[in-house]
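Please look over the sequence and the structure shown here before reading on. The report that follows takes a few topics in turn, each under its own heading.

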Amino acid sequence: MAFKATFCDPLVKDIIDLGFVSQGQIIDIFNGIYWDKHLSSIKNVPEYKIFYSPSFEIENLDNENGLTISAVGNAGNYEFYIFYKRPKTVKKLFGLISKFEKGYLTDITGQNKSDVIKFLTALIKNDLALLEREIK
C-alpha cells in the first residue's frame with residue numbers, strides 16, 4: 001500500500017507535503033508532532049492570521065481512504081477531531097436514491113492520542129470496517 005502524508009501548521013498558509021511514507025512511519029510521524037507547541041503558537045494570535053488547526057493527514061493512495069487528525073483546544077488540554085474520507089455510495093431520500101461520492105466524509109470528536117493511534121492502525125492494516133463503524 002502507498003501512503004501520502006501532509007501537515008497543516010496553523011500559521012503557515014500552504015499545506016506542508018510530507019510526501020510518501022511507509023506504513024511503519026505513520027504512527028511515528030503522528031507521535032513526533034509537537035501538538036502542544038502548535039496550539040501554544042496560536043493562543044494570542046488574531047483569528048485572521050490562523051489558517052488551520054494543527055492537522056496531520058494520511059491517505060492510502062491505493063483505495064483513497066484517509067484520515068485527517070486535528071488538535072483542538074489549549075496546550076496541555078486538547079482533544080483530537082478525526083475526519084475519515086473515503087469513496088462511498090450513499091443513499092438519500094429514504095434509500096430511494098443512491099449517489100457515489102468520491103470524498104465522502106464523516107468525523108468523530110473528543111478523541112485522545114490512543115484513540116488516534118487505534119484509527120491510524122486500522123487505516124494502516126486496511127481495517128476499513130472499524131473506521132466505517134466508529135467514525136460516523
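## Helix α3

In α3, V116, F119, L120, A122, L123 and I124 are buried, where buried means under 20% relative accessible area, exposed over 50% and partly exposed in between, computed with a 1.4 Å probe on protein chains only. Helices (H or I, at least four residues) and strands (E, at least two) are DSSP runs, numbered from the N terminus. An α-helix has 3.6 residues a turn, so residues three or four places apart point the same way.

The end C-alpha atoms of α3 are 16 Å apart, which agrees with the 16 Å that its 12 residues should span at 1.5 Å a residue, the expected span being 1.5 Å times one less than the number of residues.

## Basis of the model

This is a predicted model, in which local features need pLDDT of at least 70 and side-chain atom pairs count only at pLDDT 80 or more, while totals for chains, interfaces and linings use all residues. Residues are numbered from 1 along each chain as its sequence is written, and side-chain values use heavy atoms, with hydrogens and water left out.

## The largest pocket

The volume of the largest pocket is about 180 Å³. A pocket is defined on a 1 Å grid over the protein atoms alone, as an open set of points where a 1.4 Å probe fits, with protein on both sides within 12 Å along at least five of seven lines, and lining residues have an atom within 4 Å of a point.

Among the residues that line this pocket are L39, S40, K43, A71 and N74, and the elements giving two or more residues to the lining are α2 and β4. With 4 residues, β4 gives the most.

## Two residues with positive phi

Although E64 is not a glycine, its phi is positive, at about 60°; E64 lies in the loop between β3 and β4 and counts as partly exposed because its relative accessibility is 28%.

N126, likewise not a glycine, has a positive phi of about 60° and is placed in the loop between α3 and α4, where its relative accessibility of 36% makes it partly exposed.

Technical notes
Points joined across faces, edges and corners; volume = space filled by probe spheres on them.
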